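This report describes selected helix contacts, sheets and residue surroundings in one protein model. The structure is shown first, and the description follows.

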Amino acid sequence: MSVAQILSQFQASGAETCFHDRHINPQIYAGLDGKNWGIHDYVARGGYAALRKILGQDGGEGLTQDQVIATVKESGLRGRGGAGFPTGLKWSFMPRQFPGQKYLVCNSDEGEPGTCKDRDIMEFNPHTVIEGMIIAAYAMGISVGYNYIHGEIFHTYERFEAALEEARAAGYLGNNILGSAFSFQLHASHGFGAYICGEETALLESLEGKKGQPRFKPPFPASFGLYGKPTTINNTETFAAVPWIIRNGGQAYLECGKPNNGGTKIFSVSGDVERPGNYEVPMGTPFAKLLELAGGVRAGRQLKAVIPGGSSSPVVPAELMMKLTMDYDSIAKEGGSMLGSGAVIVLDDSRCMVKSLQRLSYFYSHESCGQCTPCREGTGWLWRVVDRIERGEGRPSDLTLLDSVAGNIMGRTICALGDAAAMPVRGMLKHFRHEFEHHIEHKTCVVGADV
Ligand SMILES: Cc1cc2nc3c(=O)[nH]c(=O)nc-3n(C[C@H](O)[C@H](O)[C@H](O)COP(=O)(O)O)c2cc1C
Ligand code: SF4
């Protein structure tokens, strides 16, 4: 069986979710219809103008490496992969004068449950990722890059490969890009679907052909990355934002959002809403507005809670969530959670929180790479204890046990998957403890509908 045939057995089958008119001021998803992904349509939408601008091919003087990095810093763009690290600052960490090979890597692993934005970008607007990566490579003096794509979306990998061929043929990739002195080779690579391969150092191991297990940090990829060389890794959506920033200026991007949270953000809204899908809106948009765009909570139901940034982010009860805006600072400082990857999982009043946590805990236990004891053993413990509570076999001491196991994982592991498993447990116990107590005491579900 060929690699393609093997992978096709695991392909995700979700429908496209970005073709609608319910985005607000979209930049990345603007004007897409599913057919206009190719280079001619991209150029007609203003594509590759940012690259021409920095290379001085639009009649201007061009931009120096420092000017490109300064523009990205000014824009307030923060990494869209989960941690929200300032992108311009990350680019400034690359030792540009390093005499050997340096690498640029795009993280398109997109395995966080609830997240499905990057695959739509790569499938329906792949050239914006390619152009963003070329600009990043120029700014950091890098000549080789890779886009590591999740293995269960093989058709997306093939689409990205086709777009790369178009870019090479048009002179935007390869040696002496558009006749300039700048050369950049970009390749696509696909994983096999492991969630942990989205962690940046596990991704690098996998890209090198090894088992995808995270490395100890430090050293960080900026000094010891792919094949031990200086490497910058960014998320797909992060790179996709860059051409707009260069075309329109850092200040214009910053003003699209709110201070310290520049630009637009794509939210993958799923769960109990009428219109699940990907929604691109300015940072700082009220959650209530995003919920309205997604058609509201499904008919006849009330909002109970929201997991605002992918399954790793602590749950936020409805009343609090309705007061928040969708940006890094509001969700963290006022909501006590994380914006993460922007996967907004909506739970209505029919949902049992014990059942929800049982499902999440199983995921993290399954996806732990097993390298460190607190995560390997602790994620299994968390799942087994939540599982028995859900099945009506919980013990009075189980909630203390859950809190203790979560506490013994957090901050004691090589990578953040351990924290990602522990945080949802603590969030659920903080806000919905009574549901767990009810399960233990009465051996039934408090909502009466164990869906
Ligand atoms: C368990 C785990 C899974 C992750 N999965 C992804 C992923 O699928 N995509 C992604 O971009 N970042 C993921 N990250 C974050 C990356 O390690 C890294 O921070 C990110 O790619 C940096 O890009 P950014 O600065 O543009 O956000 C994951 C992190 C952890 C700990
Ligand atoms: S925290 Fe978990 S996933 Fe991360 S390295 Fe340790 S065992 Fe592996």
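## Ala-421 and its surroundings

Leaving aside neighbours within four places in sequence, Ala-421 is in contact with Tyr-364, Thr-379 and Leu-382, where contact means heavy atoms within 4.5 Å. The model is predicted: local features need pLDDT of at least 70, side-chain atom pairs count only at pLDDT 80 or more, and totals for chains, interfaces and linings use all residues. Residues are numbered from 1 along each chain as its sequence is written, chains are lettered from A and ligands numbered from 1 in the order in which they are written, and side-chain values use heavy atoms, with hydrogens and water left out.

Ala-421 has its place in helix α18. Helices (H or I, at least four residues) and strands (E, at least two) are DSSP runs, numbered from the N terminus. Ala-421 counts as buried at 6% relative accessibility; buried means under 20% relative accessible area, exposed over 50%, and partly exposed in between (1.4 Å probe, protein chains only). Ser-313 is 108 residues from Ala-421 in sequence, while the C-alpha to C-alpha separation in space is 9.3 Å.

## Two helix pairs

Two packed helices are described by the angle between their axes and the distance between the axes. Axes here are lines fitted to C-alpha atoms, for helices over the stretch in contact, and angles run from 0 to 180 degrees between N-to-C directions.

Helix α15 (residues 353–367) and helix α18 (residues 417–442) have axes that come within 9 Å and cross at roughly 160°. The two helices, α15 and α18, are therefore roughly antiparallel to each other; angles under 35 degrees count as roughly parallel, over 145 as roughly antiparallel, 65 to 115 as roughly perpendicular and the rest as oblique. The crossing of α15 past α18 is left-handed, a term used if the near helix is turned anticlockwise from the far one by less than a right angle, with right-handed for clockwise. On the α15 side the contact includes Leu-357, Leu-360 and Tyr-364, and on the α18 side it includes Ala-421, Val-425 and Phe-432. The residues of this contact of α15 with α18 divide into 13 nonpolar, 3 polar and 2 charged. Ala, Val, Leu, Ile, Met, Phe, Trp, Tyr, Cys and Pro count as nonpolar, Asp, Glu, Lys and Arg as charged, and the others, Gly among them, as polar.

For helix α16 (residues 373–390) and helix α17 (residues 398–409), the axes come within 9 Å and cross at roughly 160°. That makes α16 roughly antiparallel to α17. The crossing of α16 past α17 is left-handed. Among the α16 residues that meet α17 are Thr-379, Trp-381 and Leu-382, and their counterparts in α17 include Leu-401, Leu-402 and Val-405. The contact of α16 with α17 is made up of 12 nonpolar, 3 polar and 2 charged residues.

## The mixed sheet

Strands of a sheet pair through backbone hydrogen bonds, either parallel or antiparallel. In this report two strands pair if DSSP finds at least two bridges between them. An open sheet of 5 strands has the order β6-β5-β11-β8-β9, and its pairing is mixed. At the edges stand β6 (277–282) and β9 (316–317), each with a single partner strand, so one side of each is left without a neighbour in the sheet.

| Strand pair | Sense | Bridges | Example partners |
|---|---|---|---|
| β5 and β11 | parallel | 4 bridges | Ser-270 and Ile-345 |
| β8 and β11 | antiparallel | 4 bridges | Val-306 and Val-346 |
| β8 and β9 | antiparallel | 2 bridges | Val-306 and Val-316 |

Strand β11 (residues 343–348) is mostly covered, with 6 of its 6 residues buried. Ala-343, Ile-345 and Leu-347 lie on one side of β11, and Val-344, Val-346 and Asp-348 on the other.

## The parallel sheet

Another open sheet has 4 strands in the order β3-β2-β1-β4, with parallel pairing. Its edge strands, β3 (185–190) and β4 (231–235), each pair on one side only. The twist averages 20° from one strand to the next. Strand β1 (residues 103–108) pairs with strand β2 (residues 144–149) over 6 bridges, and Leu-104 stands opposite Gly-145 in β2. Helix α7 (residues 126–140) lies across β1, β2, β3 and β4, running at about 150° to β1.

Glu-208 is found in the loop between α9 (200–207) and β4. This residue, Glu-208, is buried, with a relative accessible area of 18%.
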